[in-house]
Amino acid sequence: MEAGQTKLLHVLEKSGAKLYTLLVKLTLREEVAEDLMQDLFVKLSSSNGFERSENASGYAWRSAINLAFDWRRRQKRVHDGLEGKLLAEQNEPSPLARMVQAEEMQQVLEATGRLSELMREVFVMRYFQQDSYEEIAERFGKQPQQVRAMCSKAMKELREFLTDKDRQKVEKEAEKYHELG
Amino acid sequence: MNWDEKEIFRVIDGIAKVEPGPEATEQALERVRREIVEKGTKRSKFYFKTGRMIMNYRATKFATAAVLIIGVIVGIYFMGGVDKVVLAEVVEKVEQITTFSYRMKMHMSGMEHMPKEGMDMEIHATISSDIGMRMDSYMKGRKASQSYVLLAEGTIITVIPDQKKYMRMKLTDEMLEKMEKESGDPKSILKEFLKLEYTELGRDTIDGIEVEGFEIADPKFTGGVLDNMVARLWVDVETNMPVRMEMKSSGDDGEMQVDVVMDEYEWGIEIDPSEFEPRIPDDYSLMADVKVPSMDGENVVEGLRTFAEMTGGRYPSTMSVLTASKEARQGWKKKRETEGIKGQPSKAELEKFMSVQMIFVFYAQLVQQDKDPAYYGETVTPEDADAVLMRWKIDDGQYRIIYGDLSTEEVSAEKLAELEEATAPKL
């Protein structure tokens, strides 16, 4: 077996399940995550960066996050995807509550996609994947306190994006109402 | 909603708790595992599967290149074409619109190296009449290319991230003028559209919106780039703005098909000029540098000569991009095999291939500009020195002719009629 194959298989066995779970969290759709998982390994197989990388799993994590947010940027929001099923299995809320929850998740994920690449990667690992500051710091070759500061800044920006988006929505609705009146 | 940190953490916790089922996880891992073990990791050997789709990565590159070219050509022709029908209805309303965006989904099938199910491409296009156009193409969920039509420079740049390459296509002054005119002056587009016959389809509902439909079956709509073409446009009856456009086209006697759906139109959008600046990383190399042939036709003669060299002395049987592109690719492949050329095509080869594609772009311009073009490649060969291979109208009623031996001449309409009569195939 070639060295490249061995390296890919190692990453798959060590982190494959977690990578797939991460892709499901970020896309909220299993079938999309499966395709992105395949894309991820195709990308890694032809990536010089991955070949040279000493931290192969770390490289794969970051590539997976970027792939998922690239996908999100191209998608229209959907409310009838897997998010409904997943939430139903966990909490069994009413259909209306499920819709609201799904909408909120989409909003937070959309806002996360607007963070800078590094900040987004750190934020996803910390909050969606619930990795420790130390683990993340090791992946990025940084100090844990630097990661903590980055997460704090990311949260502030995320809040601004979400608030701004809500404000725009209210203004748009008011404008529409005004036009109708 | 009050997005304080507590609320954000509540939603984040929800996302963090999302878990796929064990069966789905195992299925996803097994699929990747099988590919790595069975197919290896080299680019040339790595196969990828999506659902029913199984593709050989290298072979697909050729089909991908063809799909990209067609996508770009179709996209460019829709730069003006999209809103023609709408303008017929709402010319005054759209008169002020100088920016808009849309999504185009394209499904192609029947080309060599494609899986039976065909290939899909999605393009997100943004147009500014002052700056130009940007098109981001995606295939199989991955970015396939970014194309920039730069009006100020008269150039189209296409960046292909997967291959770390880019192409540059220089537009002619005529083409540029037409693009500027069409994107900046909706009335001129309306005028052009009104020349075509369309059928009213009545009312329907799309995504809850009441729409009215129009159908055009005139190949002139895409400048003859696509043949057997039927296009439908659905307009919001309330706003008089387009909601969706569908187009079906086929080539090679129906074997190849292209289905296009355009929707998600946004009009009068805010444009960030930096989005129209081509981003070409330093390590990307120039894949091809070509010019759209000028109206004097010299480059067309060169393109036809190149085509004949590629295909062992044949000219394209038609000027339809689907059929002729297939013939060019087959001829090119055969020539490479005969000459023992292996591996990726060189820059010179790609430029030749692109120069052939440009003939069809040129021909489409002739159709759209009512230059009365005709092409007889199905019957005329390089041996038919006196037969008319291609002709189009130039100024003062004169016609430019390219003969079978690729010599050219300017003749009157009467003389042309005599020549065509004399060389028409005997039935």
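**View 1. The side of chain B that touches chain A.**
In this predicted model, 33 residues of chain B are in contact with 44 residues of chain A. Four elements of chain B each give two or more residues to this side: helix 1 (5–17), helix 2 (22–39), strand 1 (47–50) and strand 6 (142–150). Helix 2 of chain B supplies the largest share, nine residues. Sorted by class, the side of chain B that touches chain A holds 17 nonpolar, seven polar and nine charged residues.

**View 2. L28(A), a residue with positive phi in a loop of chain A.**
L28(A) sits in the loop that links helix 1 (3–27) to helix 2 (30–45) of chain A. The phi of L28(A) is positive, about 60°, although L28(A) is not a glycine. L28(A) counts as buried because it has 24 C-beta neighbours inside 10 Å, and the cut-off for buried is 20 or more.

**View 3. D207(B), a residue with positive phi in a loop of chain B.**
The loop shown runs between strand 9 (198–206) and strand 10 (209–216) of chain B and contains D207(B). D207(B) is not a glycine, yet its phi is positive, at about 50°. With 8 other C-beta atoms within 10 Å, D207(B) is therefore exposed, as the cut-off for exposed is 12 or fewer.

Terms used:
Residues are numbered from 1 along each chain as its sequence is written. Chains are lettered from A and ligands numbered from 1 in the order in which they are written. This is a predicted model: local features need pLDDT of at least 70, side-chain atom pairs count only at pLDDT 80 or more; totals for chains, interfaces and linings use all residues. Two residues are in contact if their C-beta atoms, placed from the backbone, lie within 7 Å. Ala, Val, Leu, Ile, Met, Phe, Trp, Tyr, Cys and Pro count as nonpolar, Asp, Glu, Lys and Arg as charged, and the others, Gly among them, as polar.
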